[in-house]
Amino acid sequence: EQLVFGASQVTTGAGGDLQQVERMARAMVTQFGMSDVGSIAIDDGGFGGPNYSEDLNCKIDQAIKEISDECFMTAWNLLNTHRDCLDRVAEELCEAETITGDRLREIIAEYTAVPQKLAVV
């Protein structure tokens, strides 16, 4: 939405997507050790909240921000680079409301090479 309509036109649906990104990034940092914070697995603490230092909390928040920002820029650059493809997919969705994965790959293949689907074992 931000790429197409501008920052002032971002809807609550996109806001929900950003909340999901934050949850995923938090899990990457606090459950899977996928950051510079280290190989840690932190319990969310339940109703009492997490039980760790303010310093660790700041490191976790910074790692979450770094992951989120990097992913945002990767997506932004990808969509901006392939804006014509994005517009074509959006046009198709306006007409059909839903499309299959195969149809999506067909559309994308009109603009760039699409890797073969991995075989299901």
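Buried means under 20% relative accessible area, exposed over 50%, and partly exposed in between (1.4 Å probe, protein chains only). This is a predicted model, in which local features need pLDDT of at least 70 and side-chain atom pairs count only at pLDDT 80 or more, while totals for chains, interfaces and linings use all residues. Residues are numbered from 1 along each chain as its sequence is written, and side-chain values use heavy atoms, with hydrogens and water left out.

Q: Which helix do the buried residues of α2 pack against?
A: Helices are DSSP runs (H or I, at least four residues), numbered from the N terminus. In α2 the buried residues are Ala-14, Ala-25, Ala-27, Val-29 and Thr-30. Their packing partner is α3 (54-81).

Q: How far apart are the end C-alpha atoms of helix α2?
A: The expected span is 1.5 Å times one less than the number of residues. Helix α2 (residues 12-30) has 19 residues, so it should span 27 Å. The distance between its end C-alpha atoms agrees, at 27 Å.

Q: Is Glu-92 buried or exposed?
A: Glu-92 lies in helix α4 (residues 83-96). Beyond four places away in sequence, it touches (heavy atoms within 4.5 Å) Glu-97, Ile-99, Arg-103 and Ile-107. Its relative accessible area is 12%, so Glu-92 is buried.

Q: At roughly what angle do the axes of α4 and α5 cross?
A: Axes are lines fitted to C-alpha atoms, for helices over the stretch in contact, with angles from 0 to 180 degrees between N-to-C directions. The axes of α4 and helix α5 (residues 101-109) come within 9 Å. They cross at roughly 145 degrees.

Notes: Helix = DSSP H or I, 4+ residues; strand = E, 2+ residues; numbered from the N terminus.
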